[in-house]
Amino acid sequence: MSVKTGYHPQRVDALHRHAREAIADLISIRSSDPAAASAMRAVVQARRNLEDQWLPLIMAIRASNAMVTWSSSLLISFADLAKCFGQRLSFDDRTAIATPFATMSDDDLLRELYVAGHLNTDGDGNGSITERIKNGDPFWSDEFPDLATELATRVAADETFAIRLIDEIDQHPLAAIAIGHADFPPSFAQAALTGLVKSAQWSSAVHVEAIETVLSQILTASPSAALDLLGDSAVLAALAGATTLDTTIARDFVRAGLYDAVEADRTLLIDGWEVLQNLTALADGQFDDGFHPGMARGVADSMFGYVQTLAYGIGAGIEDDAIRMHIDRGDSVGVLGDRDAVANLFGTVMRDPDAQVTMGIVLGAYTDRVINDLGASFVNRTGVESIARLGLLFRDGLNDEQAELLLAAAAETARREQIGDLIGFSAGAWTSGSGVGVVTRSVVSQAVSSAMDLGSEVEPDDIVDTSFGSTTYRGIQLSVLRYVHDHPGAHTELAVDGVSAEQWADVGRRLDAIASEPNGALRDGLVQDLDNLIALNISALDSLWRQIAGHGDMTRLKEIGRRSQS
Amino acid sequence: MPGYEAIELRRRAQRLRHLASRIDASLVMTLERHAGNNTWRGWRPLLSVNLLRHDQSQLAAEVEGLRWQAYLFDQQAARLDQAAALHPGNTS
């Protein structure tokens with residue numbers, strides 16, 4: 001049976017008045033006649049039921065009423081209530097009608113909170129509070145939800161109490177954990193997170209659980225709030241340097257702010273850039289061992305959205321010292337940092353192996369996107385060289401050859417997957433709970449495998465060059481060839497209409513073979529064979545490629561060999 | 001002339017009837033008028049109203065009981081009066 005839930009605020013106010021008058025009326029009924037004893041017991045019982053059952057319910061409703069402006073003429077539906085403050089008043093039989101916490105003073109309630117947070121959890125080895133609740137532990141499974149509900153009610157109804165709780169949040173991390181078990185106003189969660197991360201009590205399990213609880217709540221309820229919080233330099237620094245934070249939660253939170261919020265509202269892109277600007281400054285001189293893995297992976301995930309305008313902002317030449325921030329293809333809105341600082345930012349992100357693979361995937365997807373966006377005009381227009389600039393920027397942040405190999409392998413694997421559609425803020429690539437979309441998950445595993453292949457090639461110079469620069473260069477070359485092969489209508493414009501049908505068929509077969517060859521060394525051999533075929537037998541394609549490869553950035557990319565050789 | 005016991009019984013009967021009327025007219029007996037579906041809805045309001053109705057039924061039963069007891073007191077007083085009339089010297 002379902003029962004609709006709702007109430008009319010003014011009528012509840014009137015009911016409150018009538019109930020109190022009824023109680024006073026019952027109190028005034030007296031009789032000492034022994035024959036009236038039974039009747040007087042009924043009178044007392046009726047009075048107690050009003051005092052203990054009715055008044056707490058009415059007062060809870062009236063307290064919640066303080067948060068919102070109600071329609072005066074309509075019964076507020078439960079759906080409206082849920083919109084206003086998240087189903088806090090669910091009048092079902094899961095919650096007790098009155099709890100001991102409801103009658104406590106604010107001081108007593110906070111004392112109860114302090115004792116529960118400090119005496120019932122520290123070092124007793126019984127697991128997290130979430131686990132205690134799940135396990136049905138005494139207090140945590142029965143009383144704590146009531147305590148959380150009472151805190152939420154007072155926070156919503158009493159601004160002074162809410163401010164006091166935030167001011168003392170480092171003493172009451174349990175209040176932040178309560179956010180996961182009752183419906184607090186969103187602004188309280190944001191304020192609680194700020195206070196908790198700034199207190200930097202990363203060695204306290206309760207504090208860390210509190211931070212994780214609030215991060216989870218915010219990233220789910222409001223990605224734009226997550227972006228706001230990342231915009232706070234102190235919060236950003238604390239999360240970047242956290243030592244014990246859950247990686248998945250931190251990653252999801254960072255991505256929610258940097259990517260999901262902007263995906264939902266593109267006007268927030270400038271806020272996202274400002275976070276990256278702050279992060280660039282943070283990485284300069286600190287974090288030699290990298291950011292917290294969650295921060296690193298969240299930033300890397302988000303680069304799918306930022307990479308187009310990042311490449312646009314690198315500037316006309318790689319020697320340009322400043323990398324500028326762009327909202328679109330219009331004028332820049334500021335400087336992200338000088339080139340070394342931005343390279344260092346991505347290097348710091350890529351200290352984490354997972355983030356490194358993701359950045360490689362971003363580069364590969366971007367390569368595919370640029371070639372397909374430019375179409376037949378890639379010969380004449382600026383664009384292809386931006387791939388080279390971006391690749392060089394990423395590469396310059398890395399500090400070892402193995403990392404370069406992994407980045408190159410991930411980029412090449414992603415490029416062959418033709419996942420250019422993931423680039424931008426409307427791809428919805430990051431909607432899965434794990435934070436890695438279905439397509440990119442498969443790319444990650446292939447990329448790691450390819451990197452192992454590349455890394456195992458110990459013969460130096462007599463085989464195909466597997467350096468980052470060479471791999472990226474070849475990737476661009478193959479993407480161009482694939483585009484030209486797949487678009488016969490562009491052949492005249494590209495001046496390759498002299499290539500015979502047999503030659504195109506041969507090129508197509510070879511491209512397919514390269515794309516499907518799992519072994520890196522064999523694939524490189526196939527690429528070299530294709531190079532030779534074009535150079536010696538298909539002059540029109542050779543000429544086309546030389547036009548593209550003649551750009552300075554492309555030349556530099558090709559010339560970057562293994563670090564040991566450079 | 002009525003004896004003391006009969007007078008006391010009638011006084012008690014009168015007090016019980018007054019108490020019954022007082023309870024019958026108490027505000028709690030009409031409180032549900034302000035607690036209908038146009039005021040609140042849901043499981044807990046429903047439970048609260050049901051609890052109120054139970055209390056009202058109990059009180060109504062007690063009101064009937066008080067009035068019945070008052071009637072019995074009056075009957076007893078009347079019997080005492082009759083006995084006193086038949087035996088004038090035995091008034092208590």
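**Group meeting: a walk through chains A and B**

Let's start where the two chains meet: strand β1 of chain A and strand β1 of chain B, residues 40–41, pair in the antiparallel sense over two bridges. Look at Gly6(A) there, and you'll find Arg41(B) as its bridge partner in β1(B). Before I go on, please keep in mind that this is a predicted model.

Now let's step back to chain A as a whole. We've got 25 helices and four strands in chain A. Chain A has 566 residues, and 45% of them count as buried. Take the contacts between residues at least 6 apart in sequence: 76% of those join residues at least 24 apart.

What about confidence? The average pLDDT for chain A is 79, with 81% of the residues scoring at least 70. There's a stretch, residues 454–464 of chain A, with pLDDT below 50, and beyond near neighbours in sequence it has twelve contacts in the model. Residues 561–566 of chain A also stay under 50, and there the model has nine contacts beyond four places in sequence.

On to the inside. Which residues have the most contacts inside the largest nonpolar core? They're Ala192(A), Val214(A) and Met359(A), in a core of 139 residues. Zoom in on Val214(A): leaving aside neighbours within four places in sequence, its contacts are Ala176(A), Ile179(A), Ala189(A), Ala192(A), Leu193(A) and Leu196(A). Apart from that core lies another one, of 37 residues, and it takes in both chains, with Ile61(A), Leu9(B), Ala13(B) and Leu31(B) among them. As background, nonpolar side chains in soluble globular proteins tend to be buried together.

The buried ones are Pro223(A), Ala225(A), Ala226(A), Leu227(A), Leu229(A) and Leu230(A). And what covers them? The cover includes α9 (186–199), α10 (205–221), α12 (233–240), α13 (247–264) and α14 (269–283) of chain A.

Next, a pair of strands within chain A. Strand β3, residues 322–325, and strand β4, residues 334–338, pair in the antiparallel sense over four bridges. β3(A) has two faces: Ile323(A) and Met325(A) are on the covered one, while Ala322(A) and Arg324(A) are on the uncovered one.

Last stop, the loop between α21 (468–486) and α22 (501–516) of chain A, which is where Ser500(A) sits. Is Ser500(A) buried or exposed? It counts as exposed, because it has 10 C-beta neighbours inside 10 Å. Ser500(A) is 38 residues from Ile538(A) in sequence, yet their C-alpha atoms are 9.0 Å apart in space. Ala495(A) is in that loop between α21 and α22 too. Ala495(A) has 13 C-beta neighbours inside 10 Å, so it counts as partly exposed.

Key: Residues are numbered from 1 along each chain as its sequence is written. Chains are lettered from A and ligands numbered from 1 in the order in which they are written. This is a predicted model: local features need pLDDT of at least 70, side-chain atom pairs count only at pLDDT 80 or more; totals for chains, interfaces and linings use all residues. A residue is buried if 20 or more other C-beta atoms lie within 10 Å of its own, exposed if 12 or fewer, and partly exposed in between; C-beta atoms are placed from the backbone. Two residues are in contact if their C-beta atoms, placed from the backbone, lie within 7 Å. pLDDT is the predictor's confidence in each residue, from 0 to 100. Two strands pair if DSSP finds at least two bridges between them. A nonpolar core is a set of buried Ala, Val, Leu, Ile, Met, Phe, Trp, Tyr and Cys residues joined through C-beta atoms within 7 Å.
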